[in-house]
Amino acid sequence: MSWSFSPRKVLLSLLLLLMACSPALADPTPTATPAATPTPDWVLEGWQLVWQDEFEGQTIDPASWTHEIGGHGWGNGEAQYYSDDPKNSYIEDGMLVIQALQENVRGKLYTSARLSTQGKVEVEYGRIEARIQIPVGQGLWPAFWMLGNDIDQVGWPFCGEIDIMENIGSEPSTIHGTVHGPRYFGANGVGRAKNLPDNAQYTENFHIFAIEWEEEEIRWYMDGEMYHKITPTTIPGDWVFDHPFFIIVNLAVGGEWPGYPDGTATFPQTMKIDYVRIYEASDAAG
């Protein structure tokens with residue numbers, strides 16, 4: 001019997017042996033990498049989400065919101081009648097829409113809606129934010145704000161008021177963040193305006209309006225930029241922001257501050273709210 005050395009045969013044998021011992025070589029098909037799960041947009045560093053309404057249902061959630069109804073002026077000489085009629089407030093495309101209409105109801109020339117979380121969702125300290133697109137026009141007054149939950153016992157302004165965002169429709173480039181309390185209420189409220197640059201208007205896009213509220217400090221933010229801050233030493237009266245508050249969203253028509261619609265105002269007008277969220281500081285949650 002004769003035997004001859006063949007380098008080609010030896011190389012082939014080694015290659016077959018390596019393929020048999022290595023699954024990666026035996027199956028050259030690459031393993032697919034699982035797609036990363038996107039981080040929800042409500043995740044904020046340093047904060048723990050404790051309540052949210054993303055307005056994804058078919059109707060306004062009665063477990064969170066109550067319609068406040070009436071046409072008595074609401075302490076501001078407002079010209080609308082607030083109703084619970086679905087034409088004045090409804091869910092559309094994942095948003096809460098508050099719609100002001102020019103129509104005569106119970107002696108008022110306009111209708112709109114005001115929704116409150118009183119007795120349902122209340123918060124003491126934390127971050128409270130909403131993503132909102134406001135309307136524009138003389139006499140319109142959209143607002144995202146809070147009142148102390150003891151208002152029925154002590155009255156306003158002793159309960160405290162935190163205006164996270166207010167706008168008067170004749171100033172579409174300006175929003176206001178303000179507090180009201182004993183000796184600093186009405187026109188004497190402690191606040192600051194936030195103007196958009198280059199005459200841009202808030203009605204053109206959605207913006208995120210928020211406060212971060214601590215035991216002795218409240219800070220106001222617009223799209224992540226802080227523009228106002230108060231502490232007990234910067235207000236001319238008692239600090240009444242040491243107990244739970246509830247949230248209100250509304251679109252008023254007319255009033256002592258914005259004035260009343262004139263020939264330039266058109267209806268219907270809508271205030272669109274993409275979401276409302278409440279956070280507590282992560283150290284408080286943990």
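1. A residue is called buried when its relative accessible area is under 20% and exposed when that area is over 50%, with partly exposed in between. Arg 277, at 1% relative accessibility, therefore counts as buried. The model discussed here is a predicted one, and the points below should be read with that in mind.

2. The side chain of Arg 277 meets that of Glu 54 in a salt bridge, with 2.8 Å from N to O. This pair links distant parts of the chain, since Arg 277 lies in strand β18 and Glu 54 in the loop between β1 (47-53) and β2 (66-67), 223 residues apart. In total, the structure holds 11 salt bridges.

3. Two further salt bridges deserve attention. Glu 129 pairs with Arg 127, their closest N and O atoms being 2.8 Å apart; Glu 129 is buried at a relative accessible area of 4%, and Arg 127 is buried at 8%. The side chains of Arg 219 and Glu 217 likewise meet, at 2.5 Å from N to O, where Arg 219 counts as buried with 10% relative accessibility and Glu 217 is buried with 18%. Salt bridges with shared partners join Arg 127, Glu 129, Glu 212, Glu 214, Glu 217 and Arg 219 into one network.

4. The structure also holds 11 aromatic pairs. In one of them, the ring centres of Tyr 125 and Trp 213 are 5.3 Å apart and the planes stand at 75°, so the pair is edge-to-face. It connects distant parts of the chain, with Tyr 125 in the loop between β8 (122-123) and β9 (126-133) and Trp 213 in strand β14, 88 residues apart. Tyr 125 is partly exposed, at 24%, whereas Trp 213 is buried, at 2%.

5. Trp 141 and Trp 257 form another edge-to-face pair, 5.7 Å centre to centre with 85° between the planes. Trp 141 belongs to strand β10 (residues 140-148) and Trp 257 to the loop between β17 (245-253) and β18 (269-281), 116 residues apart. Trp 141 counts as buried at 9% relative accessibility, while Trp 257 is partly exposed at 37%.

6. Ring pairs link Tyr 125 and Trp 213 with Trp 239, Phe 241 and Phe 245 into a cluster.

7. Glu 216 sits in the loop between β14 (207-214) and β15 (217-222), and its relative accessibility of 54% makes Glu 216 exposed.

How values were computed
Residues are numbered from 1 along each chain as its sequence is written. This is a predicted model: local features need pLDDT of at least 70, side-chain atom pairs count only at pLDDT 80 or more; totals for chains, interfaces and linings use all residues. Side-chain values use heavy atoms; hydrogens and water are left out. Helices (H or I, at least four residues) and strands (E, at least two) are DSSP runs, numbered from the N terminus. Buried means under 20% relative accessible area, exposed over 50%, partly exposed in between (1.4 Å probe, protein chains only). Rings of Phe, Tyr and Trp (its six-membered ring) pair if their centres lie within 6.5 Å; planes under 30 degrees apart count as stacked, over 60 as edge-to-face and the rest as tilted. A salt bridge is a side-chain nitrogen of Lys or Arg within 4 Å of a carboxyl oxygen of Asp or Glu.
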